[in-house]
Amino acid sequence: MSAFWAFLIRDPWRKIIALVLTVILYVVLNEGKQQQKDLLNIPVEIKADDEVFIPNVNRSTAVRVTVRGSESRIKKLNIQDIRGAVEITCNTPGFQSGNVTLFLEPKDFVSSRGIEIVSIEPSRLVVPVQRRISRDVPVAPIVVGQPRQGLAHDGGKAQPDMVRVSGPERAVRNLQTLKTEILRIRQDESRSFSKSIALESPGDEFTLSTQMVDVTVTITDDMSRSLPWLVPVLWNLPLQRNVKIFPERESVTVTVSGQQDEIKRISENEIMVYADLRDSAYDKPGDYIVPLKAVVNIPGKFIRVTRIEPDKIRIRCEKLPGANDRGSTDKTNKK
């Protein structure tokens, strides 16, 4: 035993150097022994700038990657150590066609030190793309129910009444309105009220500038009603007019507003629609577009006309036969 210790103590530095050289030689020989390994389901993230829309289902994919490295590094390699990423912009070849082909290369992957990517399967990806746009879309409150009997509501008004929507160009341009979640009116409700309510998502591909809007429901004893009959148009002409009127149409649809009890009892003879043709401009023959006006002939009632459809009528003015002859005859008699 004493001889062994004597051997260790004798010339220690030479023995330490020999040990270090042995370790280095082992490492070099081990590193030089290369191995390959197939890794399945390596994630590849597909990135895009703000002007490009990629469906969520196509935002990521997985590929098989063959790697090469030393035996020790291959043994320690985990699937989480390798990942890929590629990017699409509006200038990427094929973008205008709606399908971009991406060719995967080793430089698109991040891997552990000392690991070389040999091959990728599949080596290319076809990704559907669209241009991303933004547009202001009107909000349509969904209000159901009726307030206390005898009262009416205005259907609700949203604030903001327009919300910015971002998403794929075709879908955003086709989006007409954004609906709110259902806002229910209590049966005993008698006062106007406001409530913050969420917008219904029009789809996963859309991004909204806000998820909530304030809806104000105004409750009054007023109601609007489109009259069930057509109202004839009257023509307000001066007594002496040497033209005849030929209207494009002779009756229109009228909508009135007011207290419910009065609106329900209104009769056909209590609404008058007319066109004022007293202006001398209508003395000449020709075609004209004339605005219409309306009055309610119900003394003491608070009913108003809120809509005339159409609110303008095309007319044709023609000179009455013999109008010039009568004028000539008058001048002759005066002489």
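Tutor: In this predicted model, a residue counts as buried under 20% relative accessible area, as exposed over 50%, and as partly exposed in between.

Student: Is Glu105 buried, exposed or partly exposed?

Tutor: The side chain of Glu105 meets that of Lys107 in a salt bridge, at 4.0 Å from N to O, and both residues belong to a network of salt bridges that also includes Asp108. Lys107 has a relative accessible area of 64% and is therefore exposed. Glu105 has a relative accessibility of 36%, which lies between the limits of 20% and 50%, so the class for Glu105 is partly exposed.

Student: How many residues apart in sequence are the parts that Arg164 and Asp136 tie together?

Tutor: The side chains of Arg164 and Asp136 form a salt bridge, with 3.0 Å from N to O. Arg164 belongs to strand β12 (residues 162–168) and Asp136 to strand β9 (residues 130–144), so the pair joins parts whose separation in sequence, in residues, is 28.

Student: Which strands stand at the edges of the open sheet of five strands?

Tutor: The order of this sheet is β6-β4-β1-β3-β7, and its pairing is mixed. Because each edge strand has a single partner, one side of each is left without a neighbour in the sheet, and the strands in question are β6 (109–110) and β7 (116–121).

Student: Is the aromatic pair of Tyr282 and Tyr288 stacked, tilted or edge-to-face?

Tutor: Both Tyr282 and Tyr288 are buried, and their ring centres are 5.2 Å apart. The angle between the planes is 80°, and since an angle over 60 degrees sets the class, the pair is edge-to-face.

Definitions and conventions
Residues numbered from 1 in each chain as written. Predicted model: local features only at pLDDT ≥ 70, side-chain atom pairs only at ≥ 80, totals over all residues. Heavy atoms only, no water. Pairing = 2+ DSSP bridges. Helix = DSSP H or I, 4+ residues; strand = E, 2+ residues; numbered from the N terminus. Phe/Tyr/Trp six-rings, centres within 6.5 Å; stacked < 30°, edge-to-face > 60°. Buried < 20%, exposed > 50% of the residue type's maximum accessible area, 1.4 Å probe, protein only.
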